[in-house]
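Welcome! Have your viewer open as you read.

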Amino acid sequence: MSAIEITNLAKTFGAVKAVDDVSFTVQPGTITGYLGPNGAGKTTTLRCLLGLVRADSGAALVGGRRYADLKDPLTEVGAVLEATNFHPGRSAANHLKVICTAAGLPLARAQEALEQVGLADVAGKRVGGFSMGMRQRLGLATALLGRPKVYILDEPANGLDPSGIQWLRGFLRFLAHEQGAAVLVSSHVLAEVEQTVDNVVIIARGRLVRQGSLAELTAEGDEAPLRVRALDPGPFAAALEAAGGRVEPDGDGLLRVRGLDAETVGRTALEARAVVTELLRERSDLQKVFLELTEERP
Amino acid sequence: MKLVRAELLKLFTTRLWWIMLLVVLLYLSISLGAVIGFAGVSPEEGAPPVFPARDTPAFQRLAWGQAVTGSIIVAILGATMVTTEYRYQTITTTLLTTPRRERVVAAKLGAGVLVGLLFGVAILLLFALGIIPAVLLSGGELHLLDEGVPRVIGGGLAALALYTLLGIGVGSLMRNQIAAIVSLAVWIYVIEQLVNAIPLLQPIGRWTPQGAASALTNPGIDPGSMIDLGYLLPAWAGALLLLGYALLFGLLASLTTLRRDIT
């Protein structure tokens, strides 16, 4: 059974179709990136999934059930929605203890969760003084309290510094790949999740644009060119074209070569006695795919 | 029960509650001080006194009954139990932890009753420090279990619990902290005051929460004194009316919370 299963979900706010016929699933042991520009409907989807927003039609299930029907939801799903979900006058430890009390979890879980996210030394401090990154960590600690098997994170990288993002990536991989959890993580910045996710679901203006594994989606982009830089690019470009390549000079001795692999380019350089100073394959950046898929089309 | 504990923990892990407790105790010491200070004092020679004299049972009923004036504070506290959840969006976490919203509402109402009673007990303990010496020093006989004093004390506690629920109901309806507090202040300080003071409006006034609370704490002062409370319902009817209001505010809190989208 899929850990998360969203089927034909739709939600309208006034005249705005926030989510329009969205379907996708998330499997245990994988990380799925839920991507789209701001206002695409990511948060609304997640809030429908968590029973906070009532969908107009369609279903959003966790472990085959509606979130509202889960008996002990925190032991099944850990969710982090916004980094501002805290009373500024309450300490981090007390915030977690309130939730432990309401969920019937042992209060000791509060300290354990704080240690897991690296906030143990500020446990007694009021959240009002926390940085954005610390709030994100506290949100994650909240999600960890019940040791769930499904994690739903809305823009968890917002406000994290580069080392924080690095830490988050490792942590999500640990949860999914070591502990077998299903992780659904939304972001409007592809680069934040690109190195972490196994699968990608892209949404724009409420509609699903594309979904698949990261590898599939990357392959769908333009064939990646080779960047070749040579001291005397003119004759070398001609030699490459003679070898069957499509060459696009880009100034300063740089050539973008398509239709040849690196070995052929190397052999051509040897035969043409060209001095090559750079040779690498440009990544078909998923970011480019992402932009193409989500940009406004007439 | 664990949800009521969680609601109480929410309240007691932030600073607002003891600030409010301090405010209500200060405020009520002033109003109790006035009742004690002006007890038996006539505005002019030969006129009946503003407040009954300290050695009368009526004085004790009136003094204990002042506890009801703490209602604005517990109402505000009740409102903030809901509005801070929306203000800081902790309502999201609350409903993720307990998606069955009717349980959250019930827990808030239960915690509200306890908080109202707790504040009531604190107020009554403070009052005991003022009323008991005042009665004994003036040579009066102390009545704690007769002369209608238990009714007044119990009525004061019930009214404080009810006003906490009123605050929770208004907070659930409005969600905006400032709007809820201003509305409560206008309701308690202006509307309820007017309809309970202007004789023409008193037939309406006796059906308000304050009218019901006053019926329970009615000191039964001689007609002819400056306070004429003859328009009030009998105490038992006041008690029933308070209970009815409690159900109404509980219903209000439920209806406004159960189906709302939390965005």
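## Chain A at a glance

Of the contacts in chain A that join residues at least 6 apart in sequence, 68% link residues at least 24 apart; two residues are in contact if their C-beta atoms, placed from the backbone, lie within 7 Å. Please keep in mind that this is a predicted model, in which local features need pLDDT of at least 70, side-chain atom pairs count only at pLDDT 80 or more, and totals for chains, interfaces and linings use all residues. Residues are numbered from 1 along each chain as its sequence is written, while chains are lettered from A and ligands numbered from 1 in the order in which they are written.

Chain A holds ten helices and 13 strands. Both are DSSP runs numbered from the N terminus: helices are H or I with at least four residues, strands E with at least two. The C-alpha trace of chain A spans about 75 × 45 × 35 Å along its principal axes. Of its 298 residues, 46% count as buried. A residue is buried if 20 or more other C-beta atoms lie within 10 Å of its own, exposed if 12 or fewer, and partly exposed in between, with C-beta atoms placed from the backbone.

Let us start with an open sheet of chain A, where three strands follow the order β2-β1-β4 with antiparallel pairing. Strands β2 (16-26) and β4 (57-62) stand at the edges with a single partner strand each, so one side of each has no neighbour in the sheet. On average, neighbouring strands here are turned by 25° against each other, direction ignored. Helix α1 (residues 42-49) of chain A packs on this sheet and touches β1, β2 and β4, its direction making about 115° with that of β1(A).

Strand β1 (residues 4-13) runs antiparallel to β2(A), and seven bridges join the two; strands pair if DSSP finds at least two bridges between them. Within this pair, A:Glu5 has A:Thr25 as its bridge partner in β2(A).

## Two positive phi angles

Strand β2 of chain A also contains A:Asp21, which has a positive phi of about 55° although it is not a glycine. A:Asp21 has 14 other C-beta atoms within 10 Å and is therefore partly exposed.

A:Arg205 is another non-glycine residue with a positive phi, here about 45°. A:Arg205 sits in the loop between β8 (199-204) and β9 (207-213) of chain A, and its 16 other C-beta atoms within 10 Å make it partly exposed.

## A buried glutamate

Is A:Glu155 buried or exposed? A:Glu155 counts as buried because it has 22 C-beta neighbours inside 10 Å. Its place is the loop between β6 (150-154) and α5 (162-178) of chain A.

Leaving out residues up to four places away in sequence, A:Glu155 touches A:Ser186 and A:Ser187. A:Glu155 and A:Val80 are 75 residues apart in sequence, with 8.5 Å between their C-alpha atoms.

## Helix pairs in both chains

Two packed helices are described by the angle between their axes and the distance between the axes. In chain A, the axes of α2 (residues 92-103) and α3 (residues 108-116) come within 8 Å and cross at roughly 130°. Axes are lines fitted to C-alpha atoms, for helices over the stretch in contact, and angles run from 0 to 180 degrees between N-to-C directions. The two helices are therefore oblique to each other: angles under 35 degrees count as roughly parallel, over 145 as roughly antiparallel, 65 to 115 as roughly perpendicular and the rest as oblique. Among the residues that meet are A:Leu96 in α2(A) and A:Leu114 in α3(A).

In chain B, the axes of α7 (residues 149-174) and α8 (residues 177-197) come within 9 Å and cross at roughly 135°, so these helices are oblique to each other. The contact includes B:Gly167 and B:Met174 of α7(B), with B:Ser183 and B:Leu184 among its residues from α8(B).

## Where the chains meet

How many residues of chain A are in contact with chain B? There are 30, and they touch 25 residues of chain B. Helix α2(A) gives the largest share of the chain A side, seven residues.
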